[in-house]
Amino acid sequence: MPLCPQITITPITVTSTGMSQTSIVPIVAASTEEIDELQVEIDAVEVSVNGKNHIYRQTTAPDGTVYPLTEGDVWFDTDDGNKQYYWTGTAWVSVQDTGIAAAQAASAAAVAAAAAAAAAATAAQTTADGKNKIYRQTTMPTAGPFSEGDLWFDTDDDNKFYRYTSGAFSAFSLGNNAIADLSATKLTAGTIDASVITVSNINAGNISTGFLAAARIQAASLDASVLVAGSITAVQITAGTITGAKIAAGTIVASNIAVATITATQIAGATITAAEIAANTITAAEIAAGSITVDRLTAGTLTAFTLRTSSGARRVTVSASTNSISFMESSSTVGHIGPAATDGVVVHYGSTFNPNVTTYPLSYVSSNSVIIAQAATKYVEVSSTGVVMNGNVYTLDAFYNQDASTSANAANTRMDTDGRTRRSTASSARFKEEIVDLLTVADLNPSGLLSLPIRAFKFKSDYLDATDNRSGILVPGLIAEEVAEHYPIAADCGADGLVENWNERFIIPGMLALIQDLHGRIVTLEGKA
């Protein structure tokens with residue numbers, strides 16, 4: 001009696017509404033005795049397989065739903081540092097090395113000892129920090145730590161003292177009760193404000209500052225004989241008290257007016273006209289810096305000089321010599337805008353304006369194109385012919401090239417951050433026609449996939465980054481040239497016609513068709529629906 005039953009393959013025709021198809025469906029012709037012997041052999045194989053131990057790598061404990069649990073099975077808990085367990089027949093038991101546990105206990109003890117030492121050091125530091133300190137030096141102390149109430153005597157300022165309060169040294173004075181029995185005989189130098197003392201014998205010789213009001217001056221007692229030349233300035237004259245009627249004609253000339261003593265505040269509005277100013281008497285030296293502003297200029301054009309927004313460290317300058325605008329930050333010129341030497345406008349970084357469009361980084365707008373460049377070899381140019389980029393192009397996630405022939409978002413070329421370039425197409429029936437079963441198209445028959453070699457290989461060091469976790473190790477995969485040989489529709493080629501990659505969007509449908517065909521054969525063989 002042969003071990004395996006004889007199997008007869010008989011073609012049958014399957015008919016459905018609107019179509020008919022002939023396929024090969026296996027029909028088993030065997031005796032009951034032969035089928036029983038085959039079942040005995042299958043049971044023996046199953047017992048042999050079930051008796052083998054299994055190794056599990058997963059985040060949860062295996063429960064026997066995939067394979068029956070057998071005493072001695074091993075489970076690595078990938079959620080707990082690959083902690084190892086074995087199945088005793090009734091439960092999963094940890095098999096962690098006891099040496100590791102001892103090391104962990106020793107480490108915990110060391111950490112506790114270190115914490116105790118740190119606490120003791122902190123307590124000692126706290127005790128030391130609680131004492132107030134006194135500083136005697138010419139500059140404010142800066143090297144702390146400081147405590148509330150620390151004192152600093154400024155030896156450069158007659159020992160003026162400061163107290164550390166609320167995070168800073170602040171000057172303070174002693175109150176009246178802090179100085180007892182202070183009399184005039186104890187004062188050797190300095191000035192006492194008259195508002196705080198009572199004096200019984202003041203005469204003119206005791207007055208050093210201040211003013212006498214007109215009521216205290218005898219009428220007509222001040223004349224030219226008692227006035228010292230130059231002793232009366234504009235600040236001593238009350239506004240509006242001296243009028244033309246009080247000044248003898250021709251008595252005040254330029255030699256009698258101190259330089260800069262008459263300012264705009266001393267001149268009544270519109271009192272001085274061009275007729276009162278002698279020709280060529282006012283030059284640049286007589287005009288205070290910043291006193292002439294834009295609102296004082298008659299409408300017109302300023303030419304042949306440099307105009308600045310301010311004289312500070314942060315300003316904008318318009319230069320007549322270069323016809324450019326410069327920008328200054330922190331006293332350094334950082335960039336410019338101006339006409340290019342041949343055509344257009346250039347904006348660039350740097351200390352000196354360069355109309356030759358050779359100082360980088362820059363942006364350049366001409367009559368033909370727009371250029372943004374970081375260097376001569378790294379730029380983006382937009383012109384009537386399109387967009388040109390030179391240098392490496394980086395994106396944060398993915399780069400898409402839209403197919404202009406369709407409005408479907410899926411019809412793009414996409415370059416992902418994982419290094420793959422793919423062209424996706426829409427899967428909806430709305431974008432497709434002539435839809436048929438794959439197995440009915442001879443040129444697309446996926447049976448070639450059954451003979452496609454499944455390879456293991458290492459990527460070359462100049463192809464895969466050394467930091468990649470698959471660098472330098474064997475990985476599973478397919479060879480694009482072999483895919484082109486066994487199932488050409490799934491091979492992607494470059495612009496030069498050379499095979500570059502294999503496309504999973506075409507391999508997966510072929511694999512699924514083969515699986516469905518094999519499933520149908522198994523159902524027929526086993527006689528199960």
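Helices, here taken as DSSP runs of H or I with at least four residues, are numbered from the N terminus, and in this predicted model the helix α4 is followed by glycine 527, whose phi is positive, near 70°. The protein chain as a whole holds four helices and 26 strands. Of its 529 residues, 14% count as buried, and the chain exposes about 40200 Å², of which carbon and sulfur atoms supply 57%. Among contacts between residues at least 6 apart in sequence, 14% join residues that are at least 24 apart.

Helix α4 itself spans residues 504-526, and its 23 residues reach 32 Å from the first C-alpha to the last, which is close to the 33 Å expected at 1.5 Å a residue. At the start of α4, a side-chain oxygen of asparagine 503 comes to within 2.9 Å of the backbone nitrogen of arginine 505. The buried residues of the helix are Ile507, Gly510, Ala513 and Leu514. An α-helix has 3.6 residues a turn, so residues three or four places apart point the same way. The cover over the buried residues of α4 includes the helix α3 (480-486) and the strand β26 (499-502).

Strand β4 (residues 74-77) and strand β5 (residues 83-87) run antiparallel and are joined by four bridges, with phenylalanine 76 having glutamine 84 in β5 as its bridge partner.

The loop between β3 (55-58) and β4 contains proline 68. With a relative accessible area of 45%, proline 68 is classed as partly exposed, because this class lies between the cut-offs of under 20% for buried and over 50% for exposed. Proline 68 and asparagine 53 are separated by 15 residues in sequence, and their C-alpha atoms are 9.6 Å apart in space.

Conventions. Residues numbered from 1 in each chain as written. Predicted model: local features only at pLDDT ≥ 70, side-chain atom pairs only at ≥ 80, totals over all residues. Heavy atoms only, no water. Helix = DSSP H or I, 4+ residues; strand = E, 2+ residues; numbered from the N terminus. Expected span 1.5 Å × (residues − 1). Buried < 20%, exposed > 50% of the residue type's maximum accessible area, 1.4 Å probe, protein only. Contact = heavy atoms within 4.5 Å. Polar contact = N/O pair within 3.5 Å; in protein donor to acceptor, adjacent residues only side chain to side chain. Pairing = 2+ DSSP bridges. Areas by Shrake-Rupley, 256 points an atom, 1.4 Å probe, with all protein chains shown as cover.
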